[in-house]
Amino acid sequence: IPPEGLYAGEIVIGDGGFVFALEKRGYVKAGPWTPEATVEHPEAGASIVGVNCHFDPDISLETVKLMKEGLQAAKVKAHLMSQPLAFHTPDCGKQGFIDLPEFPFGLEPRIVTRWDIQKYARKAYDLGIRYIGGCCGFEPYHIRAIAEELAPERGFLPEASEKHGSWGDSLSMHTKPWVRARARKEYWENLKPASGRPYCPSMSKPDGWGVTKGARELMQQREATSEQQLKELFQKQKF
Ligand SMILES: [Zn+2]
């Protein structure tokens with residue numbers, strides 16, 4: 001939190017993503033530490049606390065729930081924020097999606113649906129979060145889904161909503177009768193999407209190189225990675 005912002009009375013966002021990453025890396029005790037750390041942020045002047053990036057909507061909301069409990073226990077007031085990934089990450093380890101074998105160029109099979117996002121927006125709102133957004137993987141239709149889910153609260157539909165109906169109801173005009181049968185919330189809400197990838201597991205094994213602060217491999221260098229340095233890394237990599 002930049003002190004200039006604090007003294008100027010600006011809105012300050014305390015991003016718990018960093019705090020949570022510390023927990024997940026094992027630097028601090030997970031669980032009980034989240035509310036404690038949260039409380040430290042508003043006391044330092046943050047107007048908004050929450051999490052950003054590295055984990056999926058479900059994990060992010062669980063974290064904000066812990067933060068909220070911490071705030072309540074300490075009787076500290078702050079707005080809540082969540083900006084999760086648009087990727088499913090139930091198999092993530094301590095550092096989140098950066099350790100997944102699919103990171104960063106093969107993550108598409110994990111992308112959440114617009115219906116996942118409508119559910120996320122509703123859960124986030126019910127939890128008391130009022131800064132509801134997304135980070136890596138979010139596409140415009142995901143953000144639109146947040147605004148559509150919360151249209152009753154906001155009093156209006158977002159831009160481009162006229163292109164389709166809520167929860168697929170414009171499918172009532174579809175040429176195929178079995179698709180017309182999908183013109184309702186119950187269908188999309190209960191859908192269990194298949195991946196269509198016969199030999200793929202539903203969960204990956206995240207990398208766990210144990211490379212943290214102070215490790216040689218994390219040092220930044222001015223020049224490009226050399227052939228020799230790359231060779232060492234390639235040898236270390238398991239498939
Ligand atoms: Zn991100």
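## The covering of α6

Among the elements that cover the buried residues of α6 are α5 (114-127), β4 and α7 (151-154). Helices (H or I, at least four residues) and strands (E, at least two) are DSSP runs, numbered from the N terminus, and contact means heavy atoms within 4.5 Å. A residue is called buried under 20% relative accessible area, exposed over 50% and partly exposed in between, with a 1.4 Å probe and protein chains only. By this scale α6 is mostly covered, since 7 of its 10 residues are buried, namely His142, Arg144, Ala145, Ile146, Ala147, Glu148 and Glu149.

This is a predicted model, in which local features need pLDDT of at least 70 and side-chain atom pairs count only at pLDDT 80 or more, while totals for chains, interfaces and linings use all residues. Residues are numbered from 1 along each chain as its sequence is written, and side-chain values use heavy atoms, with hydrogens and water left out.

## The protein as a whole

The secondary structure comes to 10 helices and 4 strands, which run from the N terminus in the order α-β-α-α-β-α-β-α-β-α-α-α-α-α. Of the 239 residues of the protein, 36% count as buried. Among contacts between residues at least 6 apart in sequence, 68% join residues at least 24 apart.

The accessible surface comes to about 15300 Å², and 56% of this area belongs to carbon and sulfur atoms; accessible areas come from the Shrake-Rupley method with a 1.4 Å probe, and for residues only the protein chains shown count as cover.

## Two nonpolar cores

A nonpolar core is a set of buried Ala, Val, Leu, Ile, Met, Phe, Trp, Tyr and Cys residues joined through side-chain atoms within 4.5 Å. The largest such core has 21 residues, and those with the most contacts inside it are Ile117, Tyr120, Ile129, Ile132 and Ile146. The elements that give two or more residues to this core are β2, α4, α5 and α6, and α5 gives the most, with 5 residues.

Leaving out residues up to four places away in sequence, Ile132 touches Ser82, Tyr120, Ala121, Ala124, Tyr125, Ile146 and Leu150. Apart from this core lies another one, of 9 residues, among them Leu85, Phe87, Cys92 and Phe97.

## The zinc site

The zinc ion is coordinated by the SG atoms of Cys53, Cys135 and Cys136, at 2.1 to 2.2 Å, and these donors follow the spacing C-x81-C-C along the chain. Donors are N, O and S atoms within 2.8 Å of the metal (3.2 Å for Na, K and Ca), and water is not among the atoms, so sites may look incomplete.

In an unreviewed UniProt entry, the annotation "binding site" covers Cys53, Cys135 and Cys136. The three span 84 residues in sequence, yet no two of their C-alpha atoms are more than 6.5 Å apart, so they gather at one spot. UniProt positions are given in the numbering used here, feature names are shortened, and annotations may be inferred rather than shown by experiment.

## The three cysteines

Cys53 sits in the loop between β2 (48-52) and α4 (57-73), and with a relative accessible area of 14% Cys53 is buried. Its contacts, leaving aside neighbours within four places in sequence, are Gln83, Pro84, Leu85, Phe97, Cys135 and Cys136.

Cys135 is partly exposed, at a relative accessible area of 22%, and Cys136 is partly exposed at 31%. Cys136 belongs to the loop between β4 (131-132) and α6 (140-149), and, residues up to four places away in sequence not counted, Cys136 touches Cys53, Leu85, Ala86, Phe87 and Phe97.
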